[in-house]
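These are my notebook entries on a single chain.

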Amino acid sequence: MSQDELRAVILAGGSGTRLWPLSRLQSPKQFLKLTGSESLLEATITRLSPLVDDSQVVIVTSEDLATGEGFHILKRFQAILEPAGRNTAPAIGVAALQCALQGIDPVMIVLPADHLIRDIPAFHECLRLAIDAASEGRLVTFGIYPTSPETGFGYIRATGGKGVQPVREFREKPDRKTAEAFVASGEYFWNS
């Protein structure tokens, strides 16, 4: 794909209050080095290579967070600085709007800046499948099998086996009893 046909939109908002005192307003979780020599944000960008060039990376964060200790990381990438954080959908929407204003309609890979992915070759294989499906006009999301009931995640129920599958159902942050039933069924994936 050409540079105008692909954008990696990295959502680097949120102050990570559950990680306090490590994560603070001027040093939020995405700028912390929790799993190695790179910050969570740097690791997210690194794992996109070689599929996504740095020129195709757009980082969405808040103005407050962009002035903190990790700000230097943002300088070499396109950045959208929100005046105030408004959660996932508005951040994705503003990135899509920026593309439209630039006169492009790329496949957008939307990634949170705080995920840990250890199997990079498997991630690249899944990402290639997702990019191909999205370039055909499909909306694609990733999911992982839950290891325990969680009420803070959305749950996806897909049709079929491995690879790109049609979604049958999505449930946003269910109550504990419903989450337990989803995990027990073995038919649902987490979607954070």
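I took rings of Phe, Tyr and Trp (its six-membered ring) as a pair if their centres lie within 6.5 Å, calling planes under 30 degrees apart stacked, over 60 edge-to-face and the rest tilted. I worked on a predicted model, where local features need pLDDT of at least 70 and side-chain atom pairs count only at pLDDT 80 or more, while totals for chains, interfaces and linings use all residues. I numbered residues from 1 along each chain as its sequence is written, and side-chain values use heavy atoms, with hydrogens and water left out.

**Entry: aromatic rings.** I searched the whole structure and found 4 aromatic pairs. One of them joins Y145 and F189, with ring centres 4.5 Å apart and planes at 40°, so I logged this pair as tilted. For elements I used DSSP runs numbered from the N terminus: helices (H or I, at least four residues) and strands (E, at least two). For burial I used relative accessible area: buried is under 20%, exposed over 50%, partly exposed in between (1.4 Å probe, protein chains only). Y145 is exposed at 54%, whereas F189 is buried at 12%. I then looked at F182 and Y188: their centres are 3.9 Å apart and their planes at 20°, so the pair is stacked. F182 and Y188 are both buried. Together with Y155 they form one aromatic cluster.

Entry: I counted two strands as paired if DSSP finds at least two bridges between them. The strand order in this open sheet is β6-β5-β7, and the pairing is antiparallel. β6 (167-171) and β7 are the edge strands; each has a single partner, so one side of each has no neighbour in the sheet. From one strand to the next the twist averages 25°. I took axes as lines fitted to C-alpha atoms, for helices over the stretch in contact, with angles from 0 to 180 degrees between N-to-C directions. β5 and β7 share 4 antiparallel bridges, and I156 has F189 in β7 as its bridge partner. Helix α4 (residues 176-185) lies across β5, β6 and β7 and runs at about 35° to β5.

**Entry: the sheet of 4 strands.** This open sheet has parallel pairing in the order β3-β2-β1-β4. At its edges I found β3 (78-82) and β4 (107-112), each with a single partner strand, so one side of each is left without a neighbour in the sheet. The twist here averages 20° from one strand to the next. Strand β2 (residues 57-62) pairs with β3 in the parallel sense over 5 bridges, and S62 has E82 in β3 as bridge partner. Helix α2 (residues 88-101) packs on the sheet and touches β1 (6-11), β2, β3 and β4, at about 130° to the direction of β3. Helix α3 also packs on the sheet, touching β1 and β4, at about 140° to the direction of β4.

**Entry: whole chain.** I listed 4 helices and 7 strands, in the pattern β-α-β-β-α-β-α-β-β-α-β. Buried residues are 36% of the 192 residues.

**Entry: cysteines.** I looked for disulfides (a pair of cysteine sulfur atoms within 2.5 Å) and found 0. C99 is buried at 5% relative accessibility, while C126 is partly exposed at 37%.

Key. Contact means heavy atoms within 4.5 Å.
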